[in-house]
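This report describes one protein chain from its coordinates. The sequence and structure come first, and the notes follow.

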Amino acid sequence: MHILRAVFRPALHGVSPSTTSILRSRIFQRLAPSRPCHTLPPLRTGYPDIKRLGVLRFPISRSLSTGTVQPAADASKLPVLAPPAVGRWLLFSSALVFAVIVVGGVTRLTESGLSITEWRPITGIVPPLNDEDWNAEFEKYKATPEFKLINHSISLDEFKNIFYMEWGHRVLGRIIGVAFVLPLSYFAVRKKLTTSMPARLTGMALLLGLQGVLGWYMVKSGLEDSIMDTPGAVPRVSQYRLAAHLGAAVLLYAGMLGTGLAAIKDWKYAHSGLWSGSKTMSWQEVLSNPVVKRFTRYSRALTALVFLTALSGAFVAGLDAGLVYNEFPLMGGRIVPPVDELFSAAYARNVDRSDVWWRNIFENPTTVQFDHRVLAMTTYFSTCLLFAQSRRSAVRSLLPPLARVSVTAAFAMANVQVLLGLATLLYLVPVPIAAAHQAGSVALLSTMVHLLVALRRPGLAAQLWRSARTEAKKRV
């Protein structure tokens with residue numbers, strides 16, 4: 001300290017004693033090891049106690065006139081904000097789920113799903129490697145109702161084709177499990193996940209594991225020997241289990257896609273202020289507007305309708321209902337088939353026929369196709385109305401850019417989906433077109449999920465990080 005006084009004494013010559021005292025105290029405070037750095041520390045992640053984040057203080061410049069210093073912000077108290085890598089991983093996982101949905105549809109359309117008669121989660125990854133293994137698998141298939149009633153004349157080479165289709169579907173499901181669970185564990189251990197993510201992503205991981213069990217439960221329904229005892233029965237999986245399997249896959253896809261998009265958009269908002277494609281629109285003002293609130297409610301209802309329509313398609317596929325009434329818009333020359341055909345007493349199992357209405361809805365191919373038509377056209381016209389509403393000047397000026405893009409994409413995809421559906425029906429369910437139709441339903445749902453993400457408020461972590469950065473820039 002004596003050395004410092006000697007060094008700075010010439011520089012302070014002619015300065016008033018009070019000013020000299022203030023300047024010396026500033027120097028000694030800067031040199032004191034216990035004094036914290038009054039610049040915003042590098043942003044980092046770490047689980048905070050969010051309840052203590054009600055009021056944040058941010059650093060400001062020193063005031064020589066008053067000699068006061070505001071406390072510095074501690075970025076370690078900010079909540080975890082998932083980095084873009086988390087969002088990209090979730091989008092990649094959703095792409096894999098999209099692929100497995102399409103492959104599953106092709107597997108069903110080519111009637112390959114019953115070619116593997118066992119479920120071996122570990123050893124089933126390896127296909128037959130020699131003639132002896134192939135003959136063993138073929139002998140197992142020969143014991144199934146499908147071979148006895150339909151494919152009794154196929155050769156070993158033809159069996160290999162349907163075997164590899166089902167095997168590829170199962171292996172892709174296992175790949176998805178590994179590609180999802182391992183990165184999830186890494187991000188969780190490294191504390192890279194936003195506070196609400198661990199529970200949600202763990203639920204997705206459990207649903208992913210359940211999908212394997214549900215898939216085998218579905219296949220098993222088509223291997224039961226009781227099919228042989230039912231007159232006119234066709235060996236195929238239960239349409240109920242098929243719908244559950246597809247519905248769970250679509251929900252898993254939508255969850256991964258929505259969470260991944262939200263993570264990426266939250267990061268952009270926190271670091272650049274970009275919300276739903278705009279830096280000038282205030283999300284508080286936009287989302288609190290009654291017109292936008294009503295538009296958001298309609299969007300959510302339409303998203304649920306798209307999902308319900310896709311689910312009804314699983315019943316169409318499970319019952320081969322696309323092979324009846326291959327005309328449009330009429331069914332047997334009528335808009336609506338006869339009531340006694342839609343609600344046939346032949347499908348009732350109770351003595352009092354109290355189950356006739358719901359069994360026809362889920363088990364009568366004519367009723368199932370009619371329901372799918374009604375849902376599909378309702379979805380199409382609802383999408384058209386939502387698009388028309390978004391084009392109104394009073395609504396268009398309020399919607400953020402990405403929301404407008406999403407509505408337009410949904411309208412375009414709805415038109416494509418209607419054309420694919422009509423082609424599937426009129427051309428007696430050709431595999432390429434029918435597979436594209438199933439993929440189109442997921443693509444339409446994707447546009448709606450993106451629309452909902454574009455109309456969501458930034459996450460709490462993103463809001464706090466954005467506030468911290470904004471205040472820090474004001475103090476520079």
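Glutamate 166 and arginine 170 are both buried. The model is a predicted one, and in it these two residues form a salt bridge whose closest N and O atoms are 2.8 Å apart. Both belong to helix 6, which covers residues 156-189, and their spacing of four residues puts about one helical turn between them.

Histidine 169 is also found in helix 6. With a relative accessible area of 17%, histidine 169 is buried, since the limit for that class is under 20%. Leaving aside residues up to four places away in sequence, histidine 169 touches Val100, Val103, Gly104, Thr107 and His245.

## Overall make-up

The chain has 17 helices and zero strands. Of its 476 residues, 43% are buried. The accessible surface comes to about 24,800 Å², and carbon and sulfur atoms account for 63% of that area.

Among contacts with a separation of 6 or more, 78% are between residues 24 or more positions apart.

## Salt bridges between separate parts of the chain

Side chains of opposite charge can pair when their charged atoms come close. With a limit of 4 Å between the nitrogen and the carboxyl oxygen, the count comes to 13 salt bridges. One of them joins glutamate 137 to arginine 120, at 3.5 Å from N to O. Glutamate 137 is in helix 4 (residues 131-142) and arginine 120 is in the loop between helix 3 (84-109) and helix 4, so the bridge ties together parts that are 17 residues apart in sequence. Glutamate 137 counts as buried at 9% relative accessibility, whereas arginine 120 counts as partly exposed at 34%. Both residues are part of a network of salt bridges that also includes Glu118 and Lys140.

Another salt bridge links aspartate 266 and arginine 456, with the closest N and O atoms 2.9 Å apart. Aspartate 266 lies in helix 8 (residues 239-272), and arginine 456 lies in the loop between helix 16 (431-454) and helix 17 (460-475), so this pair ties together parts that are 190 residues apart in sequence.

At its start, a side-chain oxygen of serine 238 comes within 3.2 Å of the backbone nitrogen of tyrosine 240. Just after the helix, glycine 273 has a positive phi of about 80 degrees.

Helix 17 has 16 residues and reaches 23 Å from its first C-alpha to its last, close to the expected 22 Å. Its buried residues include Leu464, Trp465 and Arg466. Ala461, Ala462, Ala468 and Ala472 are buried in helix 17 as well. The buried residues of this helix pack against helix 8.

## A nonpolar surface patch

Leu149, Ile150, Met228 and Val234 form a nonpolar patch on the surface, and together they have about 290 Å² of accessible area. Isoleucine 150 is placed in the loop between helix 5 (145-149) and helix 6. Its relative accessible area is 35%, so isoleucine 150 counts as partly exposed.

## Backbone features in loops

The loop between helix 10 (290-318) and helix 11 (339-342) contains proline 329. A cis peptide bond joins phenylalanine 328 to proline 329, with omega at about 5 degrees. Tyrosine 325 is found in the loop between helix 10 and helix 11, and has a positive phi of about 50 degrees although it is not a glycine. Tyrosine 325 is partly exposed, with a relative accessible area of 22%.

Lysine 191 likewise has a positive phi, near 55 degrees, in a residue other than glycine. Lysine 191 is found in the loop between helix 6 and helix 7 (197-221). With a relative accessible area of 42%, lysine 191 is partly exposed.

Definitions and conventions
Residues are numbered from 1 along each chain as its sequence is written. This is a predicted model: local features need pLDDT of at least 70, side-chain atom pairs count only at pLDDT 80 or more; totals for chains, interfaces and linings use all residues. Side-chain values use heavy atoms; hydrogens and water are left out. A salt bridge is a side-chain nitrogen of Lys or Arg within 4 Å of a carboxyl oxygen of Asp or Glu. Helices (H or I, at least four residues) and strands (E, at least two) are DSSP runs, numbered from the N terminus. Buried means under 20% relative accessible area, exposed over 50%, partly exposed in between (1.4 Å probe, protein chains only). Contact means heavy atoms within 4.5 Å. Accessible areas come from the Shrake-Rupley method with a 1.4 Å probe; for residues, only the protein chains shown count as cover. Patches are made of residues with over 30% relative accessible area and no salt bridge: like charges are joined within 9 Å, nonpolar side chains (Val, Leu, Ile, Met, Phe, Trp, Tyr) within 5 Å. A polar contact is a pair of N or O atoms within 3.5 Å; within protein, one must be able to donate a hydrogen and the other to accept it, and residues adjacent in sequence count only if both atoms are side-chain atoms. The expected span of a helix is 1.5 Å times one less than its number of residues.
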